[in-house]
Amino acid sequence: FKSFYLSEYLNEKEMLRESIKFLMKRKYHNYKVYLHNFSKFDAIFLLNIISDLSESVFPVIRDGRFIDLRLNYGGKYKLYFRDSLLLLPSSLKRLAKEFNVTNKGLFPYKFVNNENISLDYIGVTPTIDYFDNVSLEEYNIYCNEFNNNWNLKKETIKYCELDCFILHQIIKEFSNYIFNFFRVDILAC
């Protein structure tokens, strides 16, 4: 994993730019980068950054959604961005259960959206009100890990890396399933 955290950059555009540049290496030639809900949300932000980094950007759009976004770089290399939600139209939490892969973790989304909270916050674990769809039992188990030393940066990175790992497992399982039944490589199509 390689993580990029907003407080380490001047702004979100610089952070996104550095994260895309990190992928623009020869070893990632022809890689397919899957982002869950890319075509509805992330594509707008990334398209702006990607078009600044390369004059060779080729989107494939259908029904107003980005199916594929190809970035050419270094004269002969390509990187593809795709929306996994278009392949598997469900939440990552539900897909993780359906494909029997690692479970998603807990994260206080509402806490991060509070403008009075520093991105480098360390302290008491956010209250249950900041979490979505979590039982009191799940919350208490989560809290016991921290002993009032909860670190927003560390937990954000851990949560995002877990999401990436889960999405990778799901795509791998789905790819194997489609290949076994239909002899189609989803990465080639």
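Modeller: Start with Gln 169 and Thr 102. Their side chains are joined by a polar contact of 3.1 Å.

Colleague: What makes the 3.1 Å between Gln 169 and Thr 102 a polar contact?

Modeller: A polar contact is a pair of N or O atoms within 3.5 Å; within protein, one must be able to donate a hydrogen and the other to accept it, and residues adjacent in sequence count only if both atoms are side-chain atoms. The pair of Gln 169 and Thr 102, at 3.1 Å, is listed as such a contact. This is a predicted model: local features need pLDDT of at least 70, side-chain atom pairs count only at pLDDT 80 or more, and totals for chains, interfaces and linings use all residues. Side-chain values use heavy atoms, leaving out hydrogens and water, and residues are numbered from 1 along each chain as its sequence is written.

Colleague: Does Gln 169 count as buried or exposed, and why?

Modeller: Buried means under 20% relative accessible area, exposed over 50%, partly exposed in between (1.4 Å probe, protein chains only). Gln 169 has 19% relative accessibility, so it counts as buried. Gln 169 lies in helix α7, residues 152–182. Helices (H or I, at least four residues) and strands (E, at least two) are DSSP runs, numbered from the N terminus.

Colleague: What does Gln 169 touch?

Modeller: Val 101 and Thr 102, not counting residues up to four places away in sequence. Contact means heavy atoms within 4.5 Å.

Colleague: Now α1. How does its span compare with the expected one?

Modeller: Helix α1 (residues 12–23) has 12 residues and reaches 17 Å from first C-alpha to last, close to the expected 16 Å. The expected span is 1.5 Å times one less than the number of residues. Asn 11 caps the N-terminal end of α1, with a side-chain oxygen 3.1 Å from the backbone nitrogen of Lys 13.

Colleague: Why do the buried residues of α1 line one face?

Modeller: The buried residues are Met 15, Ser 19 and Ile 20. Seen down the axis of α1, they fall within an arc of 130 degrees, so they line one face of the helix. The arc is that of the directions from the helix axis to the C-beta atoms. These buried residues pack against α2, β3 and β4.

Colleague: What is the strand order in the open sheet, and why do β1 and β2 stand at the edges?

Modeller: The order is β1-β4-β3-β2, with mixed pairing. β1 (31–35) and β2 (57–62) each have a single partner strand, so one side of each is left without a neighbour in the sheet. Two strands pair if DSSP finds at least two bridges between them. β2 and β3 (residues 65–73) are joined by 6 bridges and run antiparallel.
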